[in-house]
Amino acid sequence: NPKDIKYRFPRQTVVLVSPHDPTTIYQASHVLHRSMDEGKTWEIISPDLSREQPDVPESVGIYRTPAMKTMPRRGVIYAVSPSPRDVDVIWAGTDDGLVHVTRDGGKTWTNVTPPELRAWDKVSQIDAGHFDTNTAYIAINAIRRDDMRPHIYRTHDGGRTWTPIVNGLNPVGPVNVVREDPKQRGL
């Protein structure tokens, strides 16, 4: 019964192993879960990182109703990237256009969402920087808003500012993944 469901999981749930310890596993729902004993026990290390009240875009068309403006939270964490440099730094992005980072292993989270992102933008991928902990890359899929352009952003200051990095890409074609080369800085 949906009213009895405690966690909202994406259809393609995010499960990944820490780059620092193979016994530490992360799984995303609307909160970030962590196991430090290969999945035997779990703890929640984030609040609900989704939008409290998402707006409803015009692209929904005839399905856009007044009731949608008051619908309950529905977003989930769709992308997670622990820093390969610092065990306490973890980036998380939601399917409703938010980006958060923790620098203390999940005790506190900071919303570092680029100002251009909107409620129906999906943060489809985050890649934490391999050369410093203040760098991250995000791929945004905006097709639910009828936006077929590529959206990729980079930060070098921990998410305070974001730079679009789509020069040279076809202007029509959404992007779902971005990765930093782990050996060559800047690629």
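**Cores, sheet and pockets of a predicted model**

The largest nonpolar core of this predicted model has 15 residues, and W91, V99, V123, I126, I138 and W162 are those with the most contacts inside it. At least two residues of this core come from each of strand 7 (99-102), strand 9 (122-128) and strand 10 (136-141). In soluble globular proteins, nonpolar side chains tend to be buried together.

Apart from neighbours within four places in sequence, V123 is in contact with Y78, A79, G93, T94, D95, G97, L98, V99, L117, I138, A139 and I140. Among these contacts, V99 and I138 are also listed with V123 among the residues with the most contacts inside the largest core.

The next step is the sheet. Strands of a sheet pair through backbone hydrogen bonds, either parallel or antiparallel. Here, four strands form an open sheet in the order 5-6-7-8, and their pairing is antiparallel. Strand 5 (77-82) and strand 8 (110-111) are the edge strands, each pairing on one side only.

Strand 5 and strand 6 are joined by five bridges in the antiparallel sense. Within this pairing, A79 has G93 in strand 6 as its bridge partner. Although strand 5 is an edge strand, it is mostly covered, with six of its six residues buried. On to the next pair: strand 6 (residues 90-94) and strand 7 run antiparallel and are joined by four bridges. W91, one of the residues with the most contacts inside the largest core, has V101 of strand 7 as its bridge partner.

Two pockets come next. Rolling a probe the size of a water molecule over the atoms shows where empty space is left. The largest pocket holds about 200 Å³ of space. Its lining is made up of F9, P10, R11, Q12, R74, V76, Y78, D95, K122 and R144. By class, five of these lining residues are charged, four are nonpolar and one is polar. Y78 and D95 of this lining are also in contact with V123.

The second largest pocket holds about 170 Å³ of space. Of the 15 residues that line this pocket, V80, S81, Q125, I126 and R179 lie nearest its centre. Strand 5 and strand 9 are the elements that give two or more residues to the lining. This lining divides into nine nonpolar, four polar and two charged residues.

E38 is not a glycine, yet has a positive phi of about 60°. E38 is found in the loop between strand 3 (32-35) and strand 4 (43-44). E38 counts as exposed because its relative accessibility is 52%, and the cut-off for exposed is over 50%. D146, also a residue other than glycine, has a positive phi near 60°. The loop that holds D146 runs between strand 10 and strand 11 (151-155). With a relative accessibility of 60%, D146 therefore counts as exposed.

Terms used. Residues are numbered from 1 along each chain as its sequence is written. This is a predicted model: local features need pLDDT of at least 70, side-chain atom pairs count only at pLDDT 80 or more; totals for chains, interfaces and linings use all residues. Side-chain values use heavy atoms; hydrogens and water are left out. A nonpolar core is a set of buried Ala, Val, Leu, Ile, Met, Phe, Trp, Tyr and Cys residues joined through side-chain atoms within 4.5 Å. Buried means under 20% relative accessible area, exposed over 50%, partly exposed in between (1.4 Å probe, protein chains only). Contact means heavy atoms within 4.5 Å. Two strands pair if DSSP finds at least two bridges between them. On a 1 Å grid over the protein atoms alone, a cavity is a set of points where a 1.4 Å probe fits but cannot get out, and a pocket is an open set with protein on both sides within 12 Å along at least five of seven lines; lining residues have an atom within 4 Å of a point. Grid points are joined across faces, edges and corners, and a volume is the space filled by probe spheres set on the points. Ala, Val, Leu, Ile, Met, Phe, Trp, Tyr, Cys and Pro count as nonpolar, Asp, Glu, Lys and Arg as charged, and the others, Gly among them, as polar.
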